[in-house]
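The sequence and model are shown first.

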Amino acid sequence: MIEFPNQSQINDEKVKSFVSFLRKEKIESCLISHGPDSVLQYFRNNKSKDKLHKVNSCTKSITSCLIGIAFEQGLISDLNAPIVNYFPSLQQDKDIRKQRITIDHLLSMSAGFDWPELGEWNGWPQMIHSPNWVDYILERPLNAEPGEQMNYNSGCSHLLLSILQKVSKMNAKDFAKKYLFSSLEIKDFIWHVDPQGVNIGGFGLHMSIQDMQKFGYFYLNKGRWGKRQLLSEEWIVTSTKPKFLTYEDIGYYGRHWWVSEESLDRSFYFAMGLGGQYICVEPSRNIVIALTSNTYSVTLKPLKAITKLFQ
């Protein structure tokens, strides 16, 4: 029997409909918790329960978290610092506007690069075919002023982890282990790298559904794990605040998190990966949902089901 607490305002009919969706569609696993308490566990089979799931672009929200930790450690002194400070080759670029791109523009995906990832590239950034991903990203032309508009761009995420590697003198995988994953007891994961050994900022992470849920609860708990504040509540609020509405069928974009609505009273924020991978946090109801699936033709199908559950 699945029971949501009364204060969650999720009735039995909504729960039945959501469970029916899980069983009918190609959902591999789903965990729902109310605060620290589990209220639903669904696994298609035993393999789904134990496997490391390819979380795809859910990686981006973990990238955001690591940049937040680096910022709060003082490794990054200013989010409005131009990235030319980290990539001096931009000084030679003919388009001087690139010298105005900041770290915060990368976080909000408003750097201005011509990057049709959700257009003609059909979800696969073409940098993956390049021998040097960072150079490929930096050499892309601009089709908008930095900070003017958001355009989905895994290249921005990758530049963030390249910067993290420069300032921390370690790769993102080791940085995450030391300052985040060890505390959350996330031990078993895979994080792929580019040809130069930079962990992929926009995808490439494989982790268990249980660890996806832990990460969501860490954000619900305002950056606190046990007795330790690993990330400030201020960073979490800022990074999950709706900033741009570019894709109305998905929602608003903050700083490497999606947000369902402009009003924060009854909205939820979420990490979303190609093929239907989700980490959703609904603070007003104290709920976290982690979900993995194989809906590669319709990535947004689980999002619609989650939205109905919360309506």
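How many residues does α6 have, and how far does α6 reach from its first C-alpha to its last? In this predicted model, α6 has 15 residues and reaches 21 Å, close to the 21 Å expected at 1.5 Å a residue. The helix is mostly covered, as 13 of its 15 residues are buried.

At the N-terminal end, Asn153 caps α6 through a side-chain oxygen. After the helix comes Lys169, whose phi is positive, near 60 degrees.

His158 lies in α6, which spans residues 154–168. His158 counts as buried because its relative accessible area is 0%, under the 20% cut-off. Leaving aside residues up to four places away in sequence, His158 touches Met127, Trp133, Val134, Ile137, Asp194, Val198, Asn199, Ile200, Gly201 and Gly202.

| Side chain | Backbone nitrogen | Distance |
|---|---|---|
| Asn153 (oxygen) | Gly155 | 2.6 Å |

Helix α3, residues 59–72, packs against α6: the two axes come within 10 Å and cross at roughly 35 degrees. The crossing is left-handed. On the α3 side, the contact is made by Lys60, Thr63, Leu66, Ile67 and Ala70; α6 contributes Ser154, Ser157, Leu160, Leu161 and Leu164. By type, the residues of this contact are six nonpolar, three polar and one charged. In general, residues three or four places apart on an α-helix point the same way, because there are 3.6 residues a turn.

Key: Residues numbered from 1 in each chain as written. Predicted model: local features only at pLDDT ≥ 70, side-chain atom pairs only at ≥ 80, totals over all residues. Heavy atoms only, no water. Helix = DSSP H or I, 4+ residues; strand = E, 2+ residues; numbered from the N terminus. Buried < 20%, exposed > 50% of the residue type's maximum accessible area, 1.4 Å probe, protein only. Contact = heavy atoms within 4.5 Å. Axes fitted to C-alpha atoms, helices over the stretch in contact; angles between N-to-C directions. Left-handed = near helix turned anticlockwise from the far one by under 90°. Nonpolar A, V, L, I, M, F, W, Y, C, P; charged D, E, K, R; others polar. Expected span 1.5 Å × (residues − 1). Polar contact = N/O pair within 3.5 Å; in protein donor to acceptor, adjacent residues only side chain to side chain.
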